[in-house]
Amino acid sequence: MTNEDLVIGRNAVTETLKAGRSVNKIFVASGSVDGSIKKILALANEAKIVVEFVDKSKLDKISDGARHQGIIAQVAAINYFSVEEILEFAASKNEPPFIILLDELEDPHNFGAILRTADAVGVHGVIIPKRRAVQLNSTVAKTSAGAVEYVKVAQVTNIAQTLKILRESDLKIVGGDMSGEKNFTEADLTGGIVLVIGNEGKGMRRLTRENCDLLVKIPMVGKINSLNASVAGAVLMYEIFNQRMKRG
């Protein structure tokens, strides 16, 4: 978290929320419940923004000594879109949706690299969870080399429910997983698709895996049995891109 990601102080946070800027999270000092804080919390609740109550000492550390008045907002590098807007964007291009879903990815460099590849292969949007995952911050933006300006990113509260909704829209849910039943080159990855990329260390959560229609694996013969999340994501995205190009 860098200073570029922070809005510090009650008035500044209030105006940020009123302006409709995308906010990843709001940190509030435990016990702060006076009038202006209540108004901010109401605005945050209306916008469905994650609020975390923390010790004042944590706010002191985050703000690096700046006068925070018991509240700090961590803002997004660029505004988020909705899942519906991602689907509408695919429809406007007359293309079957190509969506990436990141299941609790934690490393901003991986996120940025994935966005860069996503832009290269024509991904319509990326979906991330609001909690327990890296958000759109300045490090992600820098690592993406500008791709963050072109790839739509949506935040959702419930990954499993989102996958069910996307399946009802006739999208195939494909997860990248070492236990996959098919090598990625043997799977049919054409048509509307959601590619799920899991956490760097733990992979996909159980409930996410259970909501996939197909699990695909990347065969490896070396001593290391896994790839970096952004590298694995790039391999799978390019296979989807290749199959879509062949189908025209």
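User: Which residues are exposed on the other side of H3?

Analyst: This is a predicted model, in which local features need pLDDT of at least 70, side-chain atom pairs count only at pLDDT 80 or more, and totals for chains, interfaces and linings use all residues. Residues are numbered from 1 along each chain as its sequence is written, and side-chain values use heavy atoms, with hydrogens and water left out. Helices (H or I, at least four residues) and strands (E, at least two) are DSSP runs numbered from the N terminus. Exposed means over 50% relative accessible area, buried under 20%, partly exposed in between (1.4 Å probe, protein chains only), and on the other side of H3 the exposed residues are Ser57 and Lys61.

User: Within what arc do the buried residues of H3 fall?

Analyst: Helix H3 covers residues 56-63, and its buried residues include Leu59, Ile62 and Ser63. They line one face of the helix, because seen down the axis of H3 they fall within an arc, taken from the directions from the helix axis to the C-beta atoms, of 90°.

User: Which strands do the buried residues of H3 pack against?

Analyst: Contact means heavy atoms within 4.5 Å. The buried residues of H3 pack against E1 (6-8), E2, E3 and E4.
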